[in-house]
Amino acid sequence: MTTAIHIQGLRKEYADGKVLALNGLDLDVHDGEFFCLIGPNGAGKTTTIGILTTRVLPTGGVATVAGIDVVRDSVGVRRRIGVVPQRPNPDRSLNVVENLVFHAAYFGIRTREARRRAEELLARLEITDKTTAKVDQLSGGQQQRLMIARALIHEPSIIFLDEPTVGLDPSARNALWTILRELHTQGRTIVMTTHYMEEANQLSDRIGFIDRGQLLALDTPDNLKAQTPDGSLETFFISLAGRGLDAGDAGDTGEVAA
Amino acid sequence: MTAARHDPVTDDSVSARQTSVDRPVSTARVFFALLRRDLVVSRRELPFFLVRTTVQPLLFLVVFGYLLPKMGFTRGNYQSALLPGILGVSLSMSSFQAVTFPMVMDFGRTNEIEDRLLAPVPVEYVALEKIVNGVFQGTIAGLVILPIARLLMGPIDGLTFAHVGTILLVTLLGTAVFSAIGLLLGVLVEAQQIGFMFSLVIAPMLFFGCAYYPWVGLHVVPWMQYLVLINPLVYVSEGMRGALTPSIPHMPLIWSIAAQLLLLAVILTAALNRFKRRAIA
């Protein structure tokens with residue numbers, strides 16, 4: 001089994017060392033795996049995704065994506081990844097299909113091919129009727145689907161999703177789960193952060209528990225559940241972290257005080 | 001329940017996908033895609049662009065280039081000094097606004113610039129593309145204002161288009177300097193500070209940028225003649241005078257060109273550094 005993501009001793013300090021977001025994180029994600037990183041607000045999830053998607057520079061340690069070092073060759077990493085952010089951030093100067101066509105153009109895909117892929121993705125994600133709509137006319141769930149389409153338009157092999165279901169109603173969340181399962185069955189490596197245990201349990205091949213910038217446990221959902229008499233992921237997390245997923249230190253920034 | 005398992009290696013569609021992703025993309029191609037996006041957005045906002053770039057210079061032209069001369073309040077070749085200055089302001093402010101407003105919004109609450117920061121080029125290229133777009137928009141603004149100014153002001157003593165190369169050089173330099181200033185301020189200020197920035201930085205820059213009076217005329221207030229040299233607009237205004245009305249007294253062209261080159265190097269370096277720090281935490 002090949003490794004899609006390799007993280008070793010990863011550290012991230014903010015504010016000149018006053019805030020320690022990651023404290024020697026070690027983690028491997030396999031090729032084609034659906035991996036969920038789960039932890040409370042401030043655990044370091046967003047910082048981990050930020051480093052892996054080249055938007056955050058680590059203070060120490062090593063991180064590779066598809067075998068490429070995120071610091072030494074950030075351009076090479078960006079070519080191979082798709083990113084769905086925590087809050088939808090479409091280009092509001094462009095309409096829905098233009099968001100996809102231009103994003104494809106940034107990856108060197110010609111307009112005709114980009115338009116074909118965009119139309120296909122909008123159909124698959126069931127927002128075809130919004131093709132020429134302004135992005136402000138989309139609901140939260142539709143904007144999140146647009147973000148998924150944008151992450152897929154250049155056909156990356158690894159997709160990162162940072163708490164993609166936060167703020168979505170149950171119906172939109174279920175629809176998104178269906179889409180994510182489909183992406184997984186297509187063979188893509190999916191790395192998703194969440195602080196919903198049920199979401200991680202439903203979707204992932206393996207779960208990594210993270211808190212205070214460190215990995216607490218890493219295994220399949222079934223093996224993790226088997227660690228406690230009540231078979232609850234939440235109970236096992238509390239037994240490791242000493243707090244539940246609703247506890248948080250620093251909003252949703254992935255930062256904890258050093 | 002976990003998602004269905006599969007073997008990615010035997011999945012033909014995935015293999016094809018990964019091959020397409022692994023194909024390198026040239027930086028130039030990504031750069032032009034970024035530029036094309038900005039040109040599409042600019043074209044869509046053309047009416048707002050024209051209003052933004054022409055209203056203020058036109059008001060100045062009507063008052064200082066048309067009404068005051070007609071009333072007899074201006075003497076000699078004031079219009080010859082005013083026209084290049086007005087042009088300098090137009091192209092400088094257009095370039096500045098073309099970069100700084102989108103930058104403030106893109107880095108704002110929704111972080112819209114992320115789709116471009118994920119493009120497979122070093123992030124500095126995303127900033128450099130904004131500079132090129134600013135140069136383009138500033139040049140267009142100059143081309144719009146020049147014939148209008150000529151129509152409003154009538155024949156202008158000493159105005160010549162003989163030195164096309166020099167005109168082009170000072171235009172490109174002026175627009176590039178102000179695009180770089182726009183980039184620097186765009187990554188430094190937050191959306192709610194834009195009004196503050198205009199009152200504190202842009203307004204004094206406009207009034208003490210030797211746009212509405214020639215720098216050589218400031219010899220009557222020597223300390224001010226030296227103090228205004230910290231203002232980049234002085235070199236744009238005087239460079240335009242040196243290129244368009246060379247027979248009218250102006251700062252030596254070589255000074256204004258050298259100063260703009262120096263300013264461009266310093267401000268662009270600072271702006272790119274700040275941009276990178278804002279783009280990558």
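Q: What makes strand 7 and strand 8 (residues 189-194) of chain A a pair?
A: Five bridges link strand 7 and strand 8 of chain A, in the parallel sense. Two strands count as paired once DSSP finds at least two bridges between them, so these two qualify. This is a predicted model, by the way. For one of the contacts, look at A:Ile158, whose bridge partner in strand 8 is A:Thr189.

Q: How do you know that strand 7 of chain A also pairs with strand 6 of chain A, and in which sense?
A: Count the bridges again: strand 6 and strand 7 (residues 158-162) share four, running parallel. Along the way, A:Ile81 sits opposite A:Ile158, and A:Val83 faces A:Phe160.

Q: Why is strand 7 of chain A called largely enclosed by the rest of the structure?
A: Because five of its five residues are buried. Buried means under 20% relative accessible area. Both faces are covered, too: A:Ile158, A:Phe160 and A:Asp162 point to one side, A:Ile159 and A:Leu161 to the other.

Q: What about strand 6 (residues 81-84) of chain A: which residues point which way, and are they buried or exposed?
A: A:Ile81 and A:Val83 go one way, A:Gly82 and A:Val84 go the other, and all of them are buried.

Q: What makes strand 4 (residues 60-65) and strand 5 of chain A a pair, and in which sense?
A: They have two bridges, in the antiparallel sense. The cut-off is at least two, so the pair makes the list. A:Val65 has A:Ile68 in strand 5 as its bridge partner.

Q: Which order do the strands take in the open sheet of four strands in chain A?
A: The order is 2-1-4-5, and the pairing is antiparallel.

Q: Why are strand 2 (19-30) and strand 5 (68-69) of chain A called edge strands?
A: Each of these strands pairs on one side only.

Q: How do you know whether A:Leu203 is buried or exposed?
A: A:Leu203 has 0% relative accessibility.

Q: Which residues have the most contacts inside the largest nonpolar core?
A: A:Phe209, B:Phe178, B:Leu183 and B:Phe275, in a core of 124 residues. Sequence neighbours up to four places away aside, B:Phe275 touches B:Met103, B:Phe107, B:Ile113, B:Leu117, B:Val123, B:Val126, B:Ala127, B:Leu183 and B:Val187. There's also a second, separate core of 29 residues, with A:Ala21, A:Ile51, A:Ala63 and A:Ile81 among them.

Q: How many helices and strands does chain B have?
A: Eleven helices and zero strands. The C-alpha atoms of chain B fill a box of roughly 85 × 35 × 30 Å along the principal axes.

Q: What share of the residues in chain B is buried?
A: Of its 281 residues, 50% are buried. The accessible surface of chain B is about 13000 Å², with 70% of it from carbon and sulfur atoms.

Q: Among contacts in chain B between residues at least 6 apart in sequence, what share joins residues at least 24 apart?
A: That share is 82%.

Conventions
Residues are numbered from 1 along each chain as its sequence is written. Chains are lettered from A and ligands numbered from 1 in the order in which they are written. This is a predicted model: local features need pLDDT of at least 70, side-chain atom pairs count only at pLDDT 80 or more; totals for chains, interfaces and linings use all residues. Side-chain values use heavy atoms; hydrogens and water are left out. Buried means under 20% relative accessible area, exposed over 50%, partly exposed in between (1.4 Å probe, protein chains only). A nonpolar core is a set of buried Ala, Val, Leu, Ile, Met, Phe, Trp, Tyr and Cys residues joined through side-chain atoms within 4.5 Å. Contact means heavy atoms within 4.5 Å. Accessible areas come from the Shrake-Rupley method with a 1.4 Å probe; for residues, only the protein chains shown count as cover.
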